[in-house]
Structures are given as structure tokens and as C-alpha cells.
Amino acid sequence: MSTLALAFATFGVAQAAEAQQEWAPRSVDATGSGAQYPWPVDSAHNLYDYYAHKAKHAGKLRAKHSRLANPELEQHRLSGRR
């Protein structure tokens, strides 16, 4: 696996996990007497969704760069489809 593919493999995963951990405590009392919109749980959930999306996109980039780093594997994969 190339260095670039490895970097994309780990991008966003840690941020998504961190945002998910923050989401739980914020969701305990989302409608307190002094709650204002947007509630903290909304922003934590939005951060989780954003980082999960970035991690998914980084996974696609990792796969692309892995294929580019190993063109013989791509040729083998394509020849098996015929």
C-alpha cells in the first residue's frame, strides 16, 4: 500500500469517533430550560456525519491510490472479468 493510500485509509476515522463520543453526553439533556437552537446534540451529530462522510470519501481515494500503486493487480482484476 502506498503512503498516500495509507494516509487516506486513516483520514477522518479518528475525527468521526471523537465526534461520536462527544455526541452521547450532549444528547442527555437536549431540551433544558435554557436550550437554544441549534442544540449541542445537533452540532455534535452534524460533526459526526461530516467526518463519517469524509472518512468514506477518503476510503474511495485510498482504493484509487492503491490501484494506481499496484497496476498489475488492477490488470489481473480486469482480466478476470472477461
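Buried means under 20% relative accessible area, and that cut-off comes in handy for the views below, which show a predicted model.

View 1. Of the 82 residues here, 15% count as buried. The chain's accessible surface is about 6300 Å², and carbon and sulfur atoms account for 57% of that area.

**View 2. Ala19 is tucked away in helix α2.** Look for Ala19 in helix α2. Is Ala19 buried or exposed? Its relative accessibility is 8%, so Ala19 counts as buried, because the cut-off for that word is under 20%. Asn46 sits 27 residues away from Ala19 in sequence, yet their C-alpha atoms are 8.8 Å apart in space.

**View 3. Glu18 is out in the open.** Slide over to Glu18, which also has its place in helix α2, the stretch covering residues 13-26. With 57% relative accessibility, Glu18 counts as exposed, since that label goes to anything over 50%. Now find Tyr48: Glu18 and Tyr48 are 30 residues apart along the chain, and 8.1 Å separates their C-alpha atoms.

**View 4. Contacts reach across the sequence.** Zoom back out and think about contacts between residues at least 6 apart in sequence. What share of them joins residues at least 24 apart? For this chain, the figure is 68%.

Definitions and conventions:
Residues numbered from 1 in each chain as written. Predicted model: local features only at pLDDT ≥ 70, side-chain atom pairs only at ≥ 80, totals over all residues. Heavy atoms only, no water. Buried < 20%, exposed > 50% of the residue type's maximum accessible area, 1.4 Å probe, protein only. Contact = heavy atoms within 4.5 Å. Areas by Shrake-Rupley, 256 points an atom, 1.4 Å probe, with all protein chains shown as cover. Helix = DSSP H or I, 4+ residues; strand = E, 2+ residues; numbered from the N terminus.
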